[in-house]
Amino acid sequence: MPTLKEISSSRYASLTTFRKDGTPVASPLWVLPDGAGVAFWTITDSWKVKRARNNPRVIVTACDIRGRLTGAPVEGTARIGDDTDRARIARALGRKYWITGRIGLIRNALSRRPGRITVILVDPA
């Protein structure tokens with residue numbers, strides 16, 4: 001059984017959040033290490049952020065860019081990061097994803113919408 005820390009070394013991970021009726025919804029995202037857990041950088045208005053706020057239970061699985069699972073699932077507990085978390089994860093994003101990550105950070109900075117990005121932090125369950 002993999003750990004969240006092991007999944008964080010993957011290029012992508014599927015973050016499965018749950019609707020109010022319990023239906024799982026998976027989203028492939030860049031995955032970043034965060035202590036014993038992982039972090040995801042996503043648009044604030046996305047449904048995955050709303051679902052994580054409503055139900056902190058999530059499942060994280062290593063996957064490819066298209067969302068095809070490449071590993072075993074790991075249960076975790078999600079929480080929405082604050083501005084300090086966002087700054088810390090932005091630095092990690094630039095280090096792990098180099099040019100692509102930095103272009104995303106620049107694009108976010110140029111949008112002039114400070115609340116445009118949310119960080120979802122996932123701790124082991």
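**Rings, strands and a core: a short tour**

Lys-50 lies over the face of Trp-47, 4.5 Å from the ring centre. By that I mean that NZ of Lys or CZ of Arg is within 6 Å of the ring centre and within 35 degrees of the ring normal. Arg-57 does likewise with Phe-18, lying over the ring face at 4.2 Å from the centre.

Before going on, a word on the model, everyone. This is a predicted model, where local features need pLDDT of at least 70 and side-chain atom pairs count only at pLDDT 80 or more, while totals for chains, interfaces and linings use all residues. Residues are numbered from 1 along each chain as its sequence is written, and side-chain values use heavy atoms, with hydrogens and water left out.

Now the overall layout. The protein has three helices and seven strands, and from the N terminus on they run α-β-β-β-β-α-β-β-α-β. Helices (H or I, at least four residues) and strands (E, at least two) are DSSP runs, numbered from the N terminus. Of the 125 residues, 45% are buried; buried means under 20% relative accessible area, exposed over 50%, and partly exposed in between, with a 1.4 Å probe and protein chains only. Among contacts with a separation of 6 or more, 67% are between residues 24 or more positions apart, contact meaning heavy atoms within 4.5 Å.

Let's go to the core. The largest nonpolar core has 27 residues, and Leu-15, Phe-40, Val-60 and Val-122 touch the most other members. Helix H1 (4–7), strand E1 (12–18), strand E4 (37–43), helix H2 (47–54), strand E5 (57–63), strand E6 (74–80), helix H3 (83–111) and strand E7 (117–124) each give two or more residues to this core. For the record, a nonpolar core is a set of buried Ala, Val, Leu, Ile, Met, Phe, Trp, Tyr and Cys residues joined through side-chain atoms within 4.5 Å. What does Leu-15 touch, leaving out residues up to four places away in sequence? Its contacts include Val-25, Leu-29, Phe-40, Lys-48, Val-60, Ile-120 and Val-122.

Next, strand E7. Six of its eight residues are buried, so the strand is mostly covered. E4 and E7 run antiparallel and are joined by six bridges; here Trp-41 has Val-119 as its bridge partner in E7. E6 and E7 are also antiparallel, with five bridges, and in E7 the partner of Ala-78 is Val-122, while that of Gly-76 is Pro-124. I count two strands as paired if DSSP finds at least two bridges between them. E6 also has E5 as an antiparallel partner, through four bridges, and there our Arg-57 stands opposite Thr-77 in E6.

Two loop residues are worth a glance. Thr-44, between E4 and H2, counts as buried at 18% relative accessibility. Thr-44 and Val-119 are 75 residues apart in sequence, yet 8.3 Å apart in space, C-alpha to C-alpha. Ser-9, in the loop between H1 and E1, is exposed, with a relative accessible area of 61%.

On to helix H2. Which of its residues are buried? They are Lys-48, Val-49, Arg-51 and Ala-52. These four lie on the same side of H2 because they cover an arc of only 165° around the axis, the arc being that of the directions from the helix axis to the C-beta atoms. They pack against E1, E2, E4, E6 and E7. Trp-47, Arg-53 and Asn-54 are exposed on the other side of H2.

Helix H3 also holds Asp-85, which is buried at a relative accessible area of 12%. Leaving out residues up to four places away in sequence, Asp-85 touches Arg-79, Val-119 and Leu-121.

Last, the rings. There is one aromatic pair in the structure: Trp-30 and Tyr-97, stacked at 4.3 Å centre to centre with 10° between the planes. Rings of Phe, Tyr and Trp (its six-membered ring) pair if their centres lie within 6.5 Å; planes under 30 degrees apart count as stacked, over 60 as edge-to-face and the rest as tilted. This pair links distant parts of the chain, with Trp-30 in strand E2 (residues 24–30) and Tyr-97 in helix H3, 67 residues apart. Buried or exposed, then, for Tyr-97? Tyr-97 is buried, at 2% relative accessible area, whereas Trp-30 is partly exposed, at 23%.
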